[in-house]
Each structure stands twice: as structure tokens, then as C-alpha cells.
Amino acid sequence: MRHIISILLENEAGALSRVAGLFSARAYNIESLTVAPTEEPTLSRMTLVTRGSDEIIEQITKQLNKLIDVVKLNDLNVHGHSHIEREMMLIKVKATGSKRDEIIRLTTIFRGNIVDVTPNSYTIELTGTSDKLDAFVGSFECDSILETVRSGVMGIARGNSALHV
Amino acid sequence: MELSGSEIIAQFLKDEAVEYLFGYPGGAVLHIYDALFKADEVKHILVRHEQAAVHAADGYARSSGKTGVALVTSGPGMTNAVTGIATAYLDSIPLVVISGQVPTAVIGSDAFQEVDSVGISRPCVKHNFLVKDVKDLAETLKKAFYVASTGRPGPVLIDVPKDITDPNIKIPYSYMPTISMRSYNPVIKGHQYQIKKAMELIKRAKRPVFYTGGGVVLSNASQSLRTLVQRLGFPITSTLMGLGAYPATDEQWLGMLGMHGTYEANMAMHETDVLIAVGARFDDRITGHLEHFCPNAKIIHIDIDPSSISKNVKVDVPIVGDVDDVLTSMLKLLKDNQENTNLEAIKDWWKKIRQWRKKNCLKYNKKTKVIKPQYVIEKLYEVTKGDAYITSDVGQHQMFAAQYYKFDKPRQWINSGGLGTMGFGLPAAMGVQLAHLDQTVACVTGEGSIQMNIQELATCMQYQLPIKIINLNNRYLGMVRQWQEFFYEGRYAMSYMDSIPDFVKLTESYGHVGMQVDKTSDVEDALKEAFAMKDKLVFIDFITNREENVYPMIAAGKGQHEMELAPDSELV
Ligand SMILES: Cc1ncc(C[n+]2csc(CCOP(=O)(O)OP(=O)(O)O)c2C)c(N)n1
Ligand SMILES: [Mg+2]
């Protein structure tokens, strides 16, 4: 199953490579990984998306917890808890002729924003779940997509519970 | 106190009560060496190869329970140390390794003797640090010792750029006796509810067995283990790493389990209904094919490392905590006048075990003229009255030592179990001897392994370490040859070493005593003679039976009950 794991880790050089190294050394799968400092500058928040059986996910969280730089973590997909997840994408597409209006309509439907325009292209900003971004990408023909960049998934638990030190 | 970075290192090691520093100098650590020289407080042992520095620190740590410390230079010094660090990592041995690094200003420029030490060591350390500011040095050193020695122990590397140790930059220093880290809080106390659940299982068990590992030794839990096992009257087996934690001369001891374990230990594992795993990690050399591993057992697992639990084998009652703490809590739950166990069932269980024991799976023919390696170990046991510290290398000789030397005390048996590092034995023995100056230390090795760190004979001379080297010389990389005999139709690809040196002359050239023995009838006298030379290193080259095999054996991928025993023809 797909799991989103939120991690607070020491904002130290090398902390990221410890996490990445753990995943490659133990042959765990990483679907996406995002990391940035938090409001507390000595901490970084990482969101890691992985897939595996319950046993593997259990090992992943245990092994992550064992890293000295990991201060706290939370599996957002544990039973009985819900969460919000978001990913952001910037996508540059060919936009000529009648396509230009069509793309604007599509962008509105997906609640995206066109953030840059040239005579031949649009750059669109879109936020949502990964599925939504996939669907948006899927609505273009392959050869009309010039470039995409995605942030990877960020997640946060619903309700009062918060991941902090 | 205002000190430079290098003086801080020297002073800190003293404040931390470090007894020995094992190391080898080079450009990046010259400031440190100068400060150590001037302070002249911590005893520095100059090895002949950085791998040996780390193994020696490791042997010191394993045999004393204290943290071992090594100092190496940047680049090749550090890369040479990596095998030692990985060896300690896989066996969870507390070490602090200080490596020099090129000056901060040139890091990343492929400077002379620069390697990314933090990157290279990352997968085989518990943690590592690169010190970027001399102001962080003292705290980093303290953190390193704290992380290395607490929780599940392990090696920690501190990479120190040369400018950090600049003798001209002085800063205030004071020793911090303790430290805490928000990101590191190992669990010590076992969960009471889980412990009670375990005791319930134990009470109802009909065919229980204790399966113990290196964690018992690391947590100094030998005494509580003995008390608990004896009060319960259960059989006990242990991994290679756990030998000595429970006395091998005791009636309840089944011998080692696993690939070269005893018949009774592996059969008891296979038929047990309640397995009590203590500080052991269900490694593949223990479990054999997982499908056949303890098929009928409810499993209790006590370990300080949550990630060890249910990693390879799903367990029923996990207890995270320090082994000694948990065993002590279990003991408290035993009732004095009531039955704590199912006595009738346990009696029947022992009956069954005694049947397995009758196989006498470690018997071998002692009447041969050519020396049997097993015989050498048995005599070694007798001559040293079972009281020596034994280190070993890796191969058949290691298994013979584990099977035939009856270890009664923890920390008496020192070997590289997890990584299986040939070349470990001699440098480890140096560390053991330094930790126990008045004790007998022997290194059981093979002609292949000993040549992987033979240069340390010079270190032994320099520091007058009277180690006894028991070389079981079968003129083969015996363990490799055994696998080739069993699984490759006897094609001995590269398992024979031509041009084996004359070990007697070699030893003598370093200034030690060398002996060679090639007849069974001379074994005992030679050992007596060697061990009588209390202040000399003696290298005894035993010319042993060439194609001796280690039995019993569970072939890789077989179940634990599918042991192969020595063929009868071997026994007459
Ligand atoms: C550094 C290292 N290289 C290779 C091996 C693989 N290996 C395991 S046992 C062995 C043979 C050891 O030969 P020897 O020291 O003569 O011991 P014997 O098995 O003959 O008793 C080898 C090559 C190893 N364990 N360590
Ligand atoms: Mg050999």
C-alpha cells in the first residue's frame, strides 16, 4: 500500500542523504520526497511517499526512527486517521490557435492558474492530490506537453494532532 | 580553560577516561598527534594498519564493555578503517573513530588525501559527524561517545578537518559529563504489560527454549539470564555472538544453534512451542530457510532495537528494552512457592532433548595421527582451563573454536560474527590483551586469515603483548573449500593457497617465538609449553587435517531440521 510518511529531522547537512541512503541500502521504494526547513530553523520537514506491505512499512518507520537525525515521524496512512495531501505542479504546454481557449477552460476546471504566457505556450500552476495532477497531465496530448515539474507530495494529518517537538 | 582543537581532543579523551587510543598518524591528524604527545595522558597504541587499529579498539570494547577509540588520518587512513568500522557495526560494538580530514577550505576540491569520509562510512556507522567549527568539537565528541555506547551500541565516526585542530586557535573548553539529544532517546525499560504477557506464555509452555544472542553480552545481562533460565529449568541455546553469556558447561546448555549449531539446539528450535529470543536478531545463519523456522512456536522477542523486532520473523510478544532490565523484570514476576512453569511437560521435553543429545553430533575421530582441528581446540580448552579470552578469525577454525571451546563467561569469546571479517583475530586480540593485561589471550586463526593482518606481530612486539596464536593450518581457505566440496562438485577454485610462508621463521623475524606441530601426540605438550611462556607471544602453527569439514551443517536455504551430520566413516 502507498504510505505518506512525515518526518521532522535535524536541519543538518547530510540528514537528507541518511534518509535517501537508508532507502537505497535496504532496497525500499521511494515514490517522492520533499524537504524544506520549518518555522523552527533547526528542523526540516520531510514528506516521503513509499509503497510496501505492512511489514515493510513497519520496518521503514522503525529504520527511519533509528536514524539519529530523525526527531519524530508520523505515518499519515495508519488506520483510523485521515490526512490532507497536496502536490504542486508547473506545466508548460503548447498553446496555439483554438487550443489556447481550450487550455484556459481546462485550467479553470482543474482550478489551476496560468502563470506565464507566450504566443505559443502557457505555463500553468496546479495544486492538488497526485491523482488530480495526473488527470490534468492526461488531458493533454503527449506532444503538446513541453515540460513538467512536480514538487512531490506534502501531507498533514487532519484534526488537532500535530507533528512538532 | 582555553584550548586548541587538538588539545580539546587530547583533554576530552582524558576527561572521558579513555584508557587507550589505537591509531596511525598522517598529515591531517598531525596537530592531534602533537597535542597527544605533549599531553601524554591517554596511552596511544601504534598499529601497523588502520584496519587493525579499529579491530584492536573493537577487541578492547568487546572484552571490557567500554567504548573503543581509534584515530586515523584522512583519505587512505580512513578507507583502511572502513572494514573495521563495518565489522563493529554489524556486531553492535561501541566505538568512536576519529578521522582527520583535509582543511575545511579545500573540502570538495579533491585535495590530497581527501575522501568523503562521512559519505563512505554512512551505511556502516550508527552515526557520524563532520566537525565544521572548533566550537562544536567538544560537544560532538561527547555526543559521539554517548551515541556509541547507549541504546543498541555501534561505531560512531567523527571527521575532523585539519584547520579545526589548528594549535593557534584557542577557545574555552569545559568537559560536559552528560549530554542529551532531542532526536535520540533509546528505550531502556521494557513495557510491563508485554512482560506479563511473555510470562503467561512461559508459564504454559510445553516445549520452550531460550535463544540468546550478542545483545545479552552487550547489555551485561549474563547474570540475570542465568538466574532466570535456571529458575525456569528451560533449555537454552545461543548464537555465535552470544556464547559465554550462559555457561557452556551447564546441563541446560544445548550448544550453539544455526548453520553449524548442534543437533539438539536446532531440533529444539524446530519443535519448540514457545521461543524466548533474547538480544538476538534472527539472522539467516540462524534461521535457515524461513519457512521451516520454528514452525510451531509462539515467539517472545526481547531487544533494545525496535527495528530488530519482526524484521525477518514475525513475533508474537515483542518487548523493546534493555535486555538486562527486561530479564530482571521477568525475574520479579516469578513466584516463590508457586509453579511458574508446566513441570510435567518440561520433564517430557527434556526427555526428548536427551534423545537428540545422544547423537553426540560433535564427536570426531581423535585417534588419527594427523591433527584434527577439533582436537587442538579441545586441548586448548583444557590447557587454558577454559579461562582464556579467545579471539578468532573467520573460517572453519572459527566454527571449531565456537563448537569445542566451552565458554563459561561473557566477553570471553571475541569474533566477527556479523561481517565475518578475516583478519580480525590478531588485532582484536591486541585490544583484548591491553584491556586484560594479566589474563591469557589466544587467537584461533587459519593460515589464510592470519595473513590478512600479520603485520600486527610488530605491534605485539612493540607493546609486549603475550598473545598465543593458534594457527589451524589446513593449507586451504577451508571454509571456502568445504562449500566447493559440497556444492561445486569439489572444484577447488582458488581455495588453495600456494606459497604459504614458514610461520615459525616469520614469527621469529618479528622477535617472537614460533613453533610448528604436525602430530596429534605433540599437540598438548606444545600448548603447555606455549602457555607457560607467560610474557611471550607464541605462534603455534598446527598442521591440521587438510580436508576436515565442519559439522553439523545446515546448507544455505535448508530448514533448521535438515542438518547434515558428520558421515559415520569420519568417526571410526
Ligand atoms: C576479508 C574476507 N575475505 C573473504 C572472506 C571469505 N572467506 C570466508 S572463510 C574463508 C577462508 C578462511 O581461510 P582460513 O583463514 O585458512 O581458515 P579455514 O577456513 O581454513 O579454517 C574465506 C576466504 C572473508 N570472510 N573475509
Ligand atoms: Mg585454512
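**Surface, interface and a buried loop residue**

Analyst: To begin at the surface of chain A, Met88(A), Leu90(A), Val115(A) and Val149(A) together make a nonpolar patch with about 290 Å² of accessible area. A patch is built from residues with over 30% relative accessible area and no salt bridge, like charges being joined within 9 Å and nonpolar side chains (Val, Leu, Ile, Met, Phe, Trp, Tyr) within 5 Å, and the areas come from the Shrake-Rupley method with a 1.4 Å probe, only the protein chains shown counting as cover for residues. This is a predicted model, in which local features need pLDDT of at least 70 and side-chain atom pairs count only at pLDDT 80 or more, while totals for chains, interfaces and linings use all residues. Residues are numbered from 1 along each chain as its sequence is written, chains are lettered from A and ligands numbered from 1 in the order in which they are written, and side-chain values use heavy atoms, with hydrogens and water left out.

User: Is Leu90(A) buried, partly exposed or exposed?

Analyst: Leu90(A) sits in strand 5 (residues 83-94) of chain A, strands being DSSP runs (E, at least two residues) and helices DSSP runs (H or I, at least four), numbered from the N terminus. Buried means under 20% relative accessible area and exposed over 50%, with partly exposed in between (1.4 Å probe, protein chains only). Because its relative accessible area is 34%, Leu90(A) is partly exposed.

User: Which residue of chain A meets Arg182(B) in a salt bridge?

Analyst: There are 2 salt bridges between chain A and chain B, each a side-chain nitrogen of Lys or Arg within 4 Å of a carboxyl oxygen of Asp or Glu. In one of them, at 2.8 Å from N to O, the side chain of Arg182(B) meets that of Glu10(A).

User: Is Glu10(A) buried or exposed?

Analyst: Glu10(A) belongs to strand 1 (residues 2-10) of chain A, and its contacts (heavy atoms within 4.5 Å), not counting residues up to four places away in sequence, include Val71(A), Arg182(B) and Ser183(B). Since its relative accessibility is 13%, Glu10(A) counts as buried.

User: Where does Ser449(B) lie, and is Ser449(B) buried or exposed?

Analyst: Ser449(B) lies in the loop between strand 17 (441-446) and helix 17 (456-462) of chain B. Among the residues that Ser449(B) touches, not counting those up to four places away in sequence, are Asp393(B) and His397(B). With a relative accessibility of 3%, Ser449(B) counts as buried.
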